[in-house]
Amino acid sequence: MGDYVRLLAYIRPYRQRGLAAIACMVLGAVTTLAVPWIIRNIIDDVLAAKNLFALNLIALSILVLFFLRGVFSFGQSYLMSYIGNRVVIDIRNEVYRRLQHLSLRYFDTRKTGSIMSRLTNDIGALQTAIVDNFVNIVKESVILIGSLLGMLFLHWKLTLLCLVIVPLVSFTIRFFGRKLKKSGRTVQERIADVTSHLQESVSGIRVVKSFFREAYEIERFRTINENAFRAAMKAAQQESQLSPLIEFLAAIAVTAIIWYGGWSVIEGQLTAGELIAFLIYAINLANPVRRISSLYGGIQRSLAAGERVFEILDEVPEIREKENAYDLVPMRGKVVFDDVYFSYEEGKEVLRGLSFSVEPGQTVALVGPSGAGKTTVANLVPRFYDVTAGSITIDGHDVRDLTLASLREQIGLVPQDTALFNTTIEDNIRYGRLEATAEEIRAAMRAAHAEEFVSRMPQGLQTPIGDRGIVLSGGQRQRIAIARAILKDPRILILDEATSALDAESERLVQDAFERLLQGRTAFVIAHRLSTIRNADRILVIDRGRVVEQGTHDTLMAARGMYYSLYTMKEWEKE
């Protein structure tokens, strides 16, 4: 139950409400435990003595008792709902915070839908463990203990006879508990598969429709959904087996009570009222045992979800700051790759002894065949990944010695796959510098030649752009991303196919903006269009993770090496 204890630790900030809720649970349970004593008095005192005054008093006390029970039930339900919802919010915030600090490699190796499922389905399952299961366990435990004490007070020999089945009940609960936890984890994983497939198919709906694969996707989803159903039914089967077994063991105890208790009444060792009260307490004892066993199964399923949530919380980021990391402010922008090796997967090196240097304010173009390692270079400069061997320094400082904030705040990235958020144009540009003024945002738009098309939008800067900027054209999305980078005003700029989605006219406009933007900044330009890199101060030709040629466009063309071959083979990309 270590995971459950860890889960309940999230209640600590709300312990005052928690204590009040537990008090309501205990008092509500006490009202339940008082009922057998009232029935005993009715049978032994009121009915036998025909005492009308006592009957009226007992009737009034029953009304008061159930009124109080309702008050306590409301208090317990409201307080625990508050705590449960707050705890779920806290856990979701903590998981999201952890995700934001995890390294890119974590996301590279996991499905987006699976991660989303942990923040939604799995954390939602934890609310049941925190609220419903915890409330019922406390309440049923009080009833169980109170009933046991009442039984001991009424007839201790008969009580000991009932407790013979306790080891059997305990073994049964533990046996099924292990199975339920395992099957519960499988259920959560199958639900994650459903969420993952749904996310992929919805985000790729244009591809689905362009290939006319609606029927294929429907069948895939049906299969995944069916797997989730089978996993859920297996868990339901195991849980359904547990309750009847516990009930049968409880029936054995009740049968023993009826036989031995009846014999005790006949022998005059026990009154009829005491036997009825004892029997009600025994039923009160059996019901909590049965319900707790069912709750135990529910807790195991919830803990299976909890394990998946805790896996994220326990994940150690691959990219971490050293304890003595320091800021590099301001940054001049000299970048040196010194004998750098890197691999995304062990044994599959992408960079092999890569070495080069870039002076402050210099624009370097990276070219080479697909898979040569150009984008990897762009990922290593802001330390999205750490080198396997060698070092990358900026202004003579190893990037692993710097704080991530001082490093990444001075590096601007415009990727090929433009990432825009489902909000307004202004919010997407402001993402580059949150404290920017309206005038600074407009200046960045003008520099990226985005002001003209934004002014034609229905709501201007306040126009929502939809999921991933779907209402914008590819070129418009690219210019919004460029404006965002311009607003950031970085010392080092990385353009990874930044003009790939632009038509010839838009590219000329943006190219002009880049020429002004790149002045005084260190820049890495990755592009296939030769017109984009022709004016670079230096061109690095990368092949199989190494720099095989470097120089200006003219010198590399004269050398008739790999660059010349790339240029002559891609006549269609010159313009």
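In helix α16, 15 residues at 1.5 Å a residue should span 21 Å, which agrees with the 22 Å between its end C-alpha atoms; the expected span is 1.5 Å times one less than the number of residues. Helices here are DSSP runs of H or I with at least four residues, numbered from the N terminus. The model is predicted, so that local features need pLDDT of at least 70 and side-chain atom pairs pLDDT 80 or more, whereas totals for chains, interfaces and linings use all residues. Residues are numbered from 1 along each chain as its sequence is written, and side-chain values use heavy atoms, without hydrogens and water.

Because 12 of its 15 residues are buried, α16 is largely enclosed by the rest of the structure; buried denotes under 20% relative accessible area, exposed over 50% and partly exposed in between (1.4 Å probe, protein chains only). The buried residues include Q476, R479, I480 and R484. Just after α16, D489 adopts a positive phi of about 55°.

Beyond its neighbours within four places in sequence, I480 is in contact (heavy atoms within 4.5 Å) with L420, I425, N428, I429, F453, V454 and L472.

Definitions and conventions: Helix = DSSP H or I, 4+ residues; strand = E, 2+ residues; numbered from the N terminus.
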